[in-house]
Amino acid sequence: MEAEAEGLEIALLFAAALVAVLALPVVPASGIAGSATGGTAEAGWRAPLSTRGRYIVDADGMRFKLRSGNWHGASGTWNGSGDPADDANHHAGENSGRMPLGLDRAPLDEIVDGFRSIGLNSVRLPFSDEMLTDPQPVTDAAVAANPGLRGMTPLQVYDRVVAALTGAGLAVILNNHTNTTRWCCGVDGNERWNASQSTQAWEENWLSMVRRYRDNPRVVGADLYNEVRRSVWDDPNWGLGDDHDWFAASQRLGDRILREANPHLLIIVEGINWTGIPVDGLPHERPTLRPVRALSHTLVTSGKLVYSAHFYDYTGPNHSGATGIGETSDPRYRDLSRDELYAVLQRDAFFVTSEAGRHFTAPVWISEFGVDGNAAAGTKQRDWFDAFTDYLIAADADFAYWPAVGWAENRGTNGWALLYWDRAGRRTGPYDGADWRAQAWTRLVTSTTRSGYVEPVPHWSMLSPDHGDFIASSRMRDRPDWDPGARKAACPDGQRLIGLSHTGNRGLCTDTTAADLWASAGDHHVVTDERYVSGEWATGYTKLQCPSGSFLIGYAVRGAAVSSALCAASDSALAGAGRTVWFDRGDNRPAGEPGGDFATGFYKGQCADGEYAAGVAYTGRFGAARTPDALYCRRLP
């Protein structure tokens with residue numbers, strides 16, 4: 001995740017037989033948030049936040065562009081060796097005291113005012129899992145400028161920080177940064193959500209944090225984990241169904257948060273930060289959000305998903321960021337031309353926002369970016385920062401600068417922060433005449449941006465029961481198992497099934513053209529035979545058709561074979577003309593393939609936007625696998 005201001009290196013150990021230790025720099029922890037002028041939600045914004053297509057909006061549907069800063073420290077600044085009480089053993093010599101940095105130097109409210117003065121409307125607030133149960137009070141010296149915090153535990157201080165930020169009108173995004181309270185990121189026991197703890201403990205910790213701030217509506221988001229990356233022996237993955245599957249873990253936790261703790265939060269999922277061994281000739285890369293194109297999240301509450309990514313000049317799409325051990329010949333981001341950089345940013349992250357009407361379309365929050373304020377004139381670091389902020393402006397992107405706060409006496413060697421306080425409590429940066437970044441920052445926070453009311457857009461949602469149930473309907477989760485032993489998939493409440501893949505078990509849901517078709521009572525039918533078939537729409541094939549007045553919202557499979565169809569009753573009169581859409585020998589989809597490729601590499605069938613799916617047909621004849629071959633599509637009223 002965050003690297004260090006001076007180029008903190010992420011040590012990435014790999015197969016001992018190969019090399020004992022590799023230094024893989026982590027992305028720095030400096031970054032700022034972008035600001036929008038004019039009608040963006042500001043002091044008058046109303047929680048909760050949600051999403052409409054690529055935009056985040058407030059409760060009134062007004063654009064709320066995240067212009068955030070990272071206030072680090074509560075997840076730890078200790079480097080992992082030596083006495084934690086010695087500042088020299090902390091990142092850049094800055095000891096946060098296990099709480100947000102700077103509380104020894106300036107009153108809490110003054111730091112919060114500093115954020116507002118540089119155009120921030122939100123703060124990403126990292127924490128560690130260890131912080132939740134740390135019983136050791138913070139030292140008096142660590143809160144010298146805030147005597148009211150004396151004797152408190154780190155979690156209690158975090159409570160006060162959240163209250164101060166939200167009390168000043170700022171939105172807060174909780175960020176689970178590390179398992180243990182120490183500086184991130186390397187091979188340090190914090191590579192994954194379950195590196196130093198069980199997945200169950202991680203989930204329960206998150207539910208505890210969300211419930212803790214549930215009554216504070218300005219706590220608006222849960223950023224599930226920071227910079228998922230390779231450990232000594234293993235890579236994380238996106239969709240393999242094992243203990244290192246970041247897609248599955250974030251999907252499950254996001255749903256649990258929305259159903260069990262707070263249905264109003266944004267669920268923020270960062271892409272995979274690093275896989276492979278950083279040695280020339282061996283596979284290694286920074287996948288970022290590329291896997292989302294083929295496998296995207298579908299949460300039980302639509303309009304709550306935000307994706308995120310991190311970018312620093314010294315890392316690269318295939319460069320770990322290391323210098324020396326762990327360094328490869330791959331280019332860093334700062335080595336790319338503007339055109340090359342922009343192509344990589346689009347490929348690895350911003351396609352999620354720029355391609356509208358796809359199953360993966362969502363806001364992208366650049367939740368960490370930054371640069372060393374000590375970079376000399378004419379250096380690649382300066383050129384990269386100018387190019388990157390220009391891209392953020394052109395893309396009208398949500399962002400968060402890392403880090404927001406630093407120690408003034410260390411500014412000459414750690415110049416990443418935006419705001420600095422010295423031991424006497426005096427504040428400097430970024431507009432003190434000594435920071436070359438001020439011009440780019442001003443350009444970023446004053447740029448023209450989409451503002452005001454954002455019209456609702458149709459949802460497109462992927463169903464992926466690849467390794468188990470994928471029930472995105474809260475109503476169906478509250479009901480008994482409708483096909484025991486089968487892998488089941490169901491659309492989010494308010495959406496209908498509109499597409500299926502011939503093999504691969506994938507489905508596509510939408511609410512386009514029609515409002516919620518579900519009957520107010522939420523009645524449903526499980527269809528396993530042909531009793532409701534109303535005509536010969538797939539001669540010679542087994543047909544599972546919904547009863548009259550109902551429509552497909554899900555399905556179940558055993559292996560690859562169709563097991564049942566799930567239908568929901570509607571309050572609307574559903575009796576439009578029907579047609580058969582065959583997809584057993586090729587794709588059969590509307591022009592433009594609305595919703596995007598929801599089953600890469602497989603044949604797909606899809607009803608038109610003005611239709612609903614009323615049945616699915618398959619065959620069990622010799623050589624067939626009982627996989628979906630055709631959809632029965634009927635016209636919406």
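**Ground rules**

I am working with a predicted model, in which local features need pLDDT of at least 70 and side-chain atom pairs count only at pLDDT 80 or more, while totals for chains, interfaces and linings use all residues. Residues are numbered from 1 along each chain as its sequence is written, and side-chain values use heavy atoms, with hydrogens and water left out.

I call two strands paired if DSSP finds at least two bridges between them.

**First sheet**

I began with an open sheet of four strands, in the order S23-S28-S29-S26, and found its pairing to be antiparallel. Its edge strands are S23 (542–545) and S26 (578–582), each pairing on one side only. I noted an average twist of 30° from one strand to the next; the axes behind such angles are lines fitted to C-alpha atoms (for helices over the stretch in contact), and angles run from 0 to 180 degrees between N-to-C directions.

Next I looked at how S23 meets S28 (residues 611–618): they are antiparallel and share four bridges. Within this pairing, Leu-544 stands opposite Val-616 of S28. A reminder to myself: strands of a sheet pair through backbone hydrogen bonds, either parallel or antiparallel.

S17 and S21 (residues 507–510) run antiparallel and are joined by four bridges. I looked up one partner: Ser-461 has Cys-509 in S21 as its bridge partner.

**The largest pocket**

How much space lies in the largest pocket? I wrote down about 630 Å³. A pocket, on a 1 Å grid over the protein atoms alone, is an open set of points where a 1.4 Å probe fits, with protein on both sides within 12 Å along at least five of seven lines; lining residues have an atom within 4 Å of a point. Grid points are joined across faces, edges and corners, and a volume is the space filled by probe spheres set on the points.

I counted 29 lining residues, with Ala-248, Ala-249, Gln-251, Arg-252 and Asp-469 nearest the centre of the pocket. Helix H3 (199–212), helix H4 (246–261) and strand S18 (470–471) each supply at least two residues of the lining, and H4 gives the most, with nine.

The lining divides into eight nonpolar, nine polar and twelve charged residues. In this tally Ala, Val, Leu, Ile, Met, Phe, Trp, Tyr, Cys and Pro are nonpolar, Asp, Glu, Lys and Arg are charged, and the others, Gly among them, are polar.

**Salt bridges**

How many salt bridges does the structure hold? I found 42, each a side-chain nitrogen of Lys or Arg within 4 Å of a carboxyl oxygen of Asp or Glu. For burial I use relative accessible area: buried is under 20%, exposed over 50%, and partly exposed in between (1.4 Å probe, protein chains only).

- Asp-422 bridges to Arg-426, with the closest N and O atoms 2.9 Å apart. Asp-422 is buried at 15%, whereas Arg-426 is exposed at 54%.
- Arg-105 bridges to Asp-104 at 3.4 Å between the closest N and O atoms. Arg-105 is buried at 6%, and Asp-104 is partly exposed at 22%.
- Glu-530 bridges to Lys-543, with 3.7 Å between the closest N and O atoms. The pair links distant parts of the chain, 13 residues apart: Glu-530 is in the loop between S22 (524–527) and S23, and Lys-543 is in S23. Glu-530 is partly exposed at 38%, while Lys-543 is buried at 4%.

I also noted a network in which salt bridges that share partners join Glu-203, Glu-204, Arg-252, Arg-256 and Glu-260.

Is Phe-351 buried or exposed? Phe-351, in helix H5 (residues 338–354), is buried, with a relative accessible area of 1%.

Thr-77 sits in the loop between strand S4 (67–70) and helix H1 (108–117), and is buried at 2%. Its C-alpha atom is 8.0 Å from that of Gly-97, 20 residues apart along the chain.
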